[in-house]
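Thank you all for coming; I would like to walk you through one structure this morning, and I will take the terms one by one as we need them. Please have a look at it first.

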4 protein chains.
Amino acid sequence: MSTTASVTEPPRAHDLQSRFCEVRAFTESLAAPLSAEDQTVQTMPDVSPTKWHRAHTTWFFETFLLSEHQPGYTVVDPSYGFLFNSYYEAVGPRHARPERGLLSRPGVEEISEYRVAVDAAMSGFLTDQLDPACSRLVELGLNHEQQHQELLLMDIKHVLGANPLRPAYRAIDRPQSRQEGEPAAATGSDWIEHPGGVVTVGRDDAEFSFDNEHPGHEVLLRPFALSSRLVTCGEWLAFIDDGGYERPELWMSDGWGTRRQTEWESPDYWDLSDDGWLVHTLTGVHALDPDEPVCHVSWYEADAYARWAGCRLPTEAEWETVAAGRIGTSGVGGLDLLGLTDGTGLHPWASADEQWTGAVWQWTASSYGPYPGFAPAAGAVGEYNGKFMVNQQALRGGACVTPAGHTRATYRNFFYPSARWPFCGLRLAVDR
Amino acid sequence: MSTTASVTEPPRAHDLQSRFCEVRAFTESLAAPLSAEDQTVQTMPDVSPTKWHRAHTTWFFETFLLSEHQPGYTVVDPSYGFLFNSYYEAVGPRHARPERGLLSRPGVEEISEYRVAVDAAMSGFLTDQLDPACSRLVELGLNHEQQHQELLLMDIKHVLGANPLRPAYRAIDRPQSRQEGEPAAATGSDWIEHPGGVVTVGRDDAEFSFDNEHPGHEVLLRPFALSSRLVTCGEWLAFIDDGGYERPELWMSDGWGTRRQTEWESPDYWDLSDDGWLVHTLTGVHALDPDEPVCHVSWYEADAYARWAGCRLPTEAEWETVAAGRIGTSGVGGLDLLGLTDGTGLHPWASADEQWTGAVWQWTASSYGPYPGFAPAAGAVGEYNGKFMVNQQALRGGACVTPAGHTRATYRNFFYPSARWPFCGLRLAVDR
Amino acid sequence: MSTTASVTEPPRAHDLQSRFCEVRAFTESLAAPLSAEDQTVQTMPDVSPTKWHRAHTTWFFETFLLSEHQPGYTVVDPSYGFLFNSYYEAVGPRHARPERGLLSRPGVEEISEYRVAVDAAMSGFLTDQLDPACSRLVELGLNHEQQHQELLLMDIKHVLGANPLRPAYRAIDRPQSRQEGEPAAATGSDWIEHPGGVVTVGRDDAEFSFDNEHPGHEVLLRPFALSSRLVTCGEWLAFIDDGGYERPELWMSDGWGTRRQTEWESPDYWDLSDDGWLVHTLTGVHALDPDEPVCHVSWYEADAYARWAGCRLPTEAEWETVAAGRIGTSGVGGLDLLGLTDGTGLHPWASADEQWTGAVWQWTASSYGPYPGFAPAAGAVGEYNGKFMVNQQALRGGACVTPAGHTRATYRNFFYPSARWPFCGLRLAVDR
Amino acid sequence: MSTTASVTEPPRAHDLQSRFCEVRAFTESLAAPLSAEDQTVQTMPDVSPTKWHRAHTTWFFETFLLSEHQPGYTVVDPSYGFLFNSYYEAVGPRHARPERGLLSRPGVEEISEYRVAVDAAMSGFLTDQLDPACSRLVELGLNHEQQHQELLLMDIKHVLGANPLRPAYRAIDRPQSRQEGEPAAATGSDWIEHPGGVVTVGRDDAEFSFDNEHPGHEVLLRPFALSSRLVTCGEWLAFIDDGGYERPELWMSDGWGTRRQTEWESPDYWDLSDDGWLVHTLTGVHALDPDEPVCHVSWYEADAYARWAGCRLPTEAEWETVAAGRIGTSGVGGLDLLGLTDGTGLHPWASADEQWTGAVWQWTASSYGPYPGFAPAAGAVGEYNGKFMVNQQALRGGACVTPAGHTRATYRNFFYPSARWPFCGLRLAVDR
């Protein structure tokens with residue numbers, strides 16, 4: 001990441017210490033409702049066990065901060081470097097990703113102890129004498145852990161969703177109707193017009209951001225409009241009813257091949273029962289709410305839907321340009337996770353404003369790639385974003401499972417076009 | 001199974017009750033050293049999680065006894081029939097075997113409660129009024145559970161063995177040398193001669209046995225001899241050193257193809273370290289003992305070894321004929337499991353007598369098939385053995401992980417010729 | 001092969017020369033109706049291209065006779081040893097079997113030239129001075145080539161059958177009704193009774209036979225009966241109509257798994273059209289004839305059928321014992337190939353006698369394995385039969401595509417239980 | 001294609017007729033050196049048999065012109081629509097692409113007849129009364145056939161290259177040294193500078209072009225420079241020698257995963273012999289010439305190479321902007337195919353000018369996607385380009401196997417980033 005990019009003022013020790021405690025504790029609170037068994041299972045190669053997320057985020061601080069910059073530090077367990085490295089080639093060999101669910105040891109208790117030990121060491125490390133470069137690495141580690149908080153929720157949803165018992169992550173009652181004083185659902189269909197021209201995307205300022213958001217640069221846009229809200233489940237039902245999953249002319253060739261092989265007929269986590277469509281959410285199985293934003297659709301489906309609707313997906317630059325005016329260029333964020341809602345668990349009356357970053361990630365028409373002039377950060381953390389810049393599609397915004405304050409208008413998320421387990425949906429665009 | 005085959009006296013209620021408690025408790029004692037995480041993991045399709053074994057053996061009693069024969073019985077959880085049916089097509093659909101490790105729920109606590117509930121119901125069911133046919137089904141259920149006790153140990157060895165940390169199931173010190181009064185190791189090379197002729201194999205008597213041991217029938221043998229002991233690790237090292245894994249002329253064509261694909265170069269659980277060969281056992285990693293019986297070799301390897309040694313594997317009939325004179329036709333058995341040894345954990349001075357049923361299962365030259373006149377038992381339990389009578393090889397004897405009293409001279413075990421995770425080794429035979 | 005087994009008189013040079021010409025020419029006559037394109041295609045790993053068969057059988061003579069025993073012989077092309085070795089590990093590395101269809105060169109013309117060159121060299125080699133051991137190798141080579149004649153027809157049927165155009169190998173008119181003087185169809189249901197007891201199977205005599213038929217040995221049989229005829233297509237339709245492909249209780253576990261994966265619903269080459277069942281044969285697509293023997297069923301299907309019919313498959317020993325009385329112990333054989341019929345192209349009125357060796361290979365209940373005392377031939381040709389003695393099922397008899405004179409009562413064929421592209425059917429047996 | 005794009009003057013009948021004959025004849029001349037066997041084989045799913053290319057290009061004219069627009073036209077064979085449709089969903093079901101090599105029928109002779117019949121019908125169709133829309137479709141069909149001429153050569157190179165005999169497509173002697181008067185090799189390292197700013201890419205004019213080149217639009221570039229020539233084999237050797245294939249930090253994550261799985265260690269068709277590197281070309285196996293442009297490298301390799309060289313790949317817009325000044329916006333083209341050279345068969349002294357379109361396709365940094373405002377053509381031909389606009393990378397320029405006159409500065413080619421069988425190499429770019 002490009003924390004070196006500019007005049008960034010590193011965070012002060014006290015603030016960092018406090019933020020460190022807060023983020024680390026939040027991870028533990030997310031794992032708290034889960035049994036040892038829940039934390040162990042991996043249901044597909046993309047999914048990691050909860051206990052792995054808890055250990056890997058800890059390994060990040062141990063490896064990039066304590067081992068390198070804290071004199072005399074001894075690692076908690078020499079085998080953890082092998083087990084909990086995710087993909088950093090420069091750090092050494094590592095346990096194969098698809099086999100994370102084969103490990104019963106270390107167990108959740110040992111991982112709790114690992115977290116406690118590293119947190120204690122970090123507490124001694126985060127002093128006023130902290131080197132600015134280290135401060136920036138800590139900041140990166142905390143943003144990294146926030147990403148894994150979201151991944152933890154995505155992944156545990158998949159684990160629980162693969163179980164025929166369809167257990168809830170946290171069973172809560174959902175309000176059956178709009179509460180007094182709550183905003184109305186975002187079901188209108190306003191278009192936000194933009195005249196095109198040269199705009200600036202990305203950033204070079206002093207706030208924390210990832211390297212893939214750099215450098216800020218100018219882009220020439222043609223006139224276009226973005227929908228003021230997300231596509232809803234009710235609209236998706238119309239797509240299904242109109243044969244959307246049966247008409248190859250609506251799909252990319254690779255998308256159609258995927259659809260035939262997977263036999264997709266609806267978004268992930270949807271089931272057609274005798275009582276209509278049911279949706280598996282983190283809070284259990286609920287009846288589908290047509291006013292909610294659709295979630296858990298792949299890029300292939302989102303692209304086909306947009307074509308069916310006579311529209312297209314927005315480009316990254318278009319999305320960012322419009323969003324920037326609404327959510328600022330930094331620090332706005334997702335929903336409060338303590339509410340533990342998900343994309344299908346949002347209040348159906350979630351406001352259009354909330355939908356920019358707090359409902360579901362929004363697929364764009366843009367392939368995820370480097371900005372002109374992009375250079376990855378030096379060292380092993382340079383593997384953070386840059387090496388994934390092919391074959392994936394960019395998503396923008398943020399989701400209801402994104403930690404508060406984590407996302408922003410310039411934030412770039414990315415997944416393979418077949419991915420459905422992220423909390424991903426779409427917003428339409430049109431040429432003008 | 002052919003409990004209907006003859007004049008079998010069904011076990012009396014009191015004996016059955018007591019035996020039921022004993023077998024059921026023993027399963028729990030085997031699971032006791034394992035964490036919830038350990039009990040959840042499945043490392044390959046053949047392996048089942050410990051908690052699945054605990055639940056499946058319980059489901060057997062609930063399904064075939066309580067649900068069918070106990071008036072008014074209500075199943076503990078209607079979903080368990082789907083989750084814990086192993087392969088009984090006649091009972092209904094079931095959860096896919098390779099996905100047993102994807103289930104975090106029900107957890108170990110719920111499965112403990114399931115066992116308690118079914119045990120309580122069985123306690124009320126096992127009265128003096130028990131129908132003889134039901135008694136025989138209970139007897140079958142207990143033998144079934146004993147088989148799963150062995151599978152549980154085989155499977156957890158695989159789970160722990162796949163972990164780079166190489167944890168022990170139960171860490172115990174191994175005696176480093178022969179204790180006074182202990183028998184000498186079986187390293188001599190006596191041949192037990194047999195003149196051939198018509199012999200009887202299988203059985204029709206009143207003792208419990210599985211259907212695949214029936215009917216007793218005559219077989220015409222040619223003169224042969226069996227080794228009085230098992231092939232040892234030291235002998236296997238000589239095979240390795242002589243290029244045994246590199247010489248296709250020693251192997252069956254399918255075996256050679258498997259060896260090339262798997263890159264086998266030694267028995268499973270062996271590792272060559274700087275300090276020589278190490279062996280992963282249920283009691284941890286130990287140095288290889290050349291006097292111990294070799295274990296965890298596939299049929300393909302056993303067959304190649306025998307050819308290399310200028311011998312062959314015994315047929316089932318040969319093995320049974322010789323063994324019967326040594327271990328009787330019923331009830332002799334494996335080692336006491338509380339000792340928690342395994343094939344590579346046996347005392348190197350295990351006696352030749354103990355090696356008939358208490359060390360490792362012994363691959364035979366015989367394809368596993370029906371005896372002449374074989375008929376599977378009526379009903380769903382008829383799926384127990386008969387439907388596996390193709391593509392597998394018969395093994396005889398018993399292993400150190402086989403519950404005491406479970407095996408006998410007529411007992412027929414079977415696995416695919418590529419299987420290495422059972423406790424399987426070999427004994428040589430020659431034509432005379 | 002065990003040509004060394006006994007006092008076999010080697011064939012005389014003149015007879016061998018004449019037989020050599022005859023067999024070699026017959027292969028070419030089988031390839032004659034096929035285009036260069038037909039001879040190049042491989043539709044699955046088990047299938048070899050026609051031109052490969054033509055070259056491989058030539059390579060056999062070049063490698064085992066000319067190169068080893070003809071002083072001064074120079075191979076036609078040094079690369080052919082790599083390309084046309086089938087599976088002889090002792091001869092050296094070889095081109096991968098599943099990739100035979102990737103080779104456009106050498107083309108059919110070059111292979112014709114290869115055959116001519118080797119035939120010319122063999123002509124000079126087959127003199128009265130020929131060493132008896134060489135004579136026996138030539139005899140083996142001719143029997144080997146006859147086996148490939150059958151394989152060539154099996155394989156080209158698969159190639160043409162995979163083509164949506166469903167071309168015929170040789171289009172001929174089929175008689176629509178019984179011709180005067182022709183025998184009636186074998187549709188009666190007589191049982192041939194056998195009292196059991198000790199019988200001799202296999203052979204040790206002076207006639208040519210393969211090593212897997214040796215040694216002759218005694219076997220103890222229980223009373224049984226064999227059907228006097230093969231199961232017909234009409235009977236198979238009754239099996240289908242009775243849900244035979246939908247009832248797991250009729251199937252071996254592996255068979256049921258295969259059936260589900262493959263979605264088999266009828267024998268291979270059958271298609272249900274608006275006009276009823278059509279069958280693809282070497283002579284084109286014909287309406288199914290219910291009186292013909294069923295063909296192209298796997299062992300799994302044959303076994304399930306037998307169970308459905310309340311019978312079982314015969315063992316090898318049972319089949320041989322009954323057949324020996326009908327067809328002698330040597331030299332009887334299949335149909336004249338010039339008629340170019342296949343299992344579904346047989347005259348529906350084929351006699352019961354003809355069905356022993358001239359209709360379809362008959363699956364047995366026996367796993368293909370070594371006879372007691374079996375020893376493979378010395379040298380590379382020892383890889384001929386022995387190394388396949390696991391995982392496969394024995395078939396007996398012969399088929400309409402088996403060259404005349406090639407088969408006999410002791411002849412043992414073998415295929416994996418899932419194979420359907422051989423000309424294989426079944427004959428029922430029962431216990432008495 | 002963008003026939004709707006503008007005021008395009010359709011070609012006149014006479015010109016079209018003459019051009020039709022020329023293009024169609026050229027396809028046949030390319031197939032002429034190939035045997036029936038050569039034309040039948042398919043070595044991987046991406047490769048099509050030569051005879052399929054010959055038939056498919058014919059099917060295009062039959063389907064989109066004759067069947068739709070020529071009254072009374074009857075298709076040559078109704079089955080051909082199924083067999084020779086490549087990927088047009090709107091036209092109906094089709095034979096599976098990976099199985100094209102399983103079809104021996106129709107043979108090369110029948111396909112020759114098919115071509116003759118359709119050419120005759122087209123001759124009657126291409127009159128002065130031809131509808132302009134039809135003229136444009138014919139033009140599209142001819143450009144389509146030219147693309148398949150290149151594919152035919154790429155594919156047959158793969159077929160012959162997979163053969164251990166390494167046959168040549170057309171054996172010709174290569175000049176061993178520079179001939180008098182020939183230009184010097186392009187081995188200098190000039191950078192062509194560009195100041196950036198708003199440029200126009202794509203096109204809207206009257207000349208033929210594909211739909212993916214439309215619409216012309218403005219793009220904002222930053223200052224950059226392009227190399228005046230392609231990367232050479234000699235430079236690639238330096239990359240290999242410097243561990244380029246062993247250093248994950250040079251690679252994209254997906255690229256590194258692919259490299260590990262495929263075990264790539266050099267460009268495709270390279271072999272390291274005792275005499276140094278050999279290269280398989282359409283004219284046979286030759287010693288590697290360090291001055292030739294490197295060919296048959298995937299995007300993953302090209303990207304890694306550029307990073308290793310401290311440069312990057314150009315974007316599509318950068319490439320087009322620079323190239324346009326050198327090769328005009330239309331009609332310049334590849335080498336004369338009658339020379340039958342390939343990327344490694346180019347004269348090492350090929351000039352820098354020739355390298356823009358006549359040596360190898362050049363990978364760009366750009367993901368292949370729609371231009372802003374892109375709309376696919378109406379009807380089935382709209383499936384031509386648009387549905388492939390995800391997961392692939394754009395290539396620019398042209399190759400020595402691209403038909404003369406086929407390519408241009410705005411031409412967009414595309415392949416998956418792992419593809420190596422196209423004639424693809426690279427040209428470096430740098431930021432300024």
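Predicted model: local features only at pLDDT ≥ 70, side-chain atom pairs only at ≥ 80, totals over all residues.

Let me begin with a definition: two strands are said to pair if DSSP finds at least two bridges between them, and strands here are DSSP runs of E with at least two residues, while helices are runs of H or I with at least four, both numbered from the N terminus. Residues are numbered from 1 along each chain as its sequence is written, chains are lettered from A and ligands numbered from 1 in the order in which they are written, and side-chain values use heavy atoms, with hydrogens and water left out.

In chain B, strand 5 (residues 270-273) pairs with strand 6 (residues 276-281) in the antiparallel sense over four bridges, and a hairpin of two residues joins them. Strand 6 of chain B in turn pairs with strand 7 (residues 284-287), again antiparallel and over four bridges, with a hairpin through two residues between them.

Turning to the interface, 30 residues of chain B are in contact with 30 residues of chain C, contact meaning heavy atoms within 4.5 Å. Together the two chains bury about 2200 Å², 55% of it on carbon and sulfur atoms; buried area is the accessible area (1.4 Å probe) that two parts lose on being put together, summed over both. On the chain B side, B:Leu220, B:Arg222 and B:Val390 lose the most area to chain C, together 24% of what that side buries. Strand 3 (217-221), helix 7 (253-262) and helix 8 (299-308) of chain B each give two or more residues to that side, and strand 3 supplies the largest share, four residues.

How many salt bridges cross this interface of chain B and chain C? The rule, which asks for a side-chain nitrogen of Lys or Arg within 4 Å of a carboxyl oxygen of Asp or Glu, finds zero.

Finally, chain C can be laid on chain D with an RMSD of 0.0 Å by a turn of 180° and a shift of 0.0 Å along the axis, the superposition being by least squares on the C-alpha atoms of residues with pLDDT of at least 70 in both. The two copies are therefore related as by a two-fold rotation axis, and in chain C the C-alpha nearest that axis belongs to C:Glu37, 2.7 Å from it.
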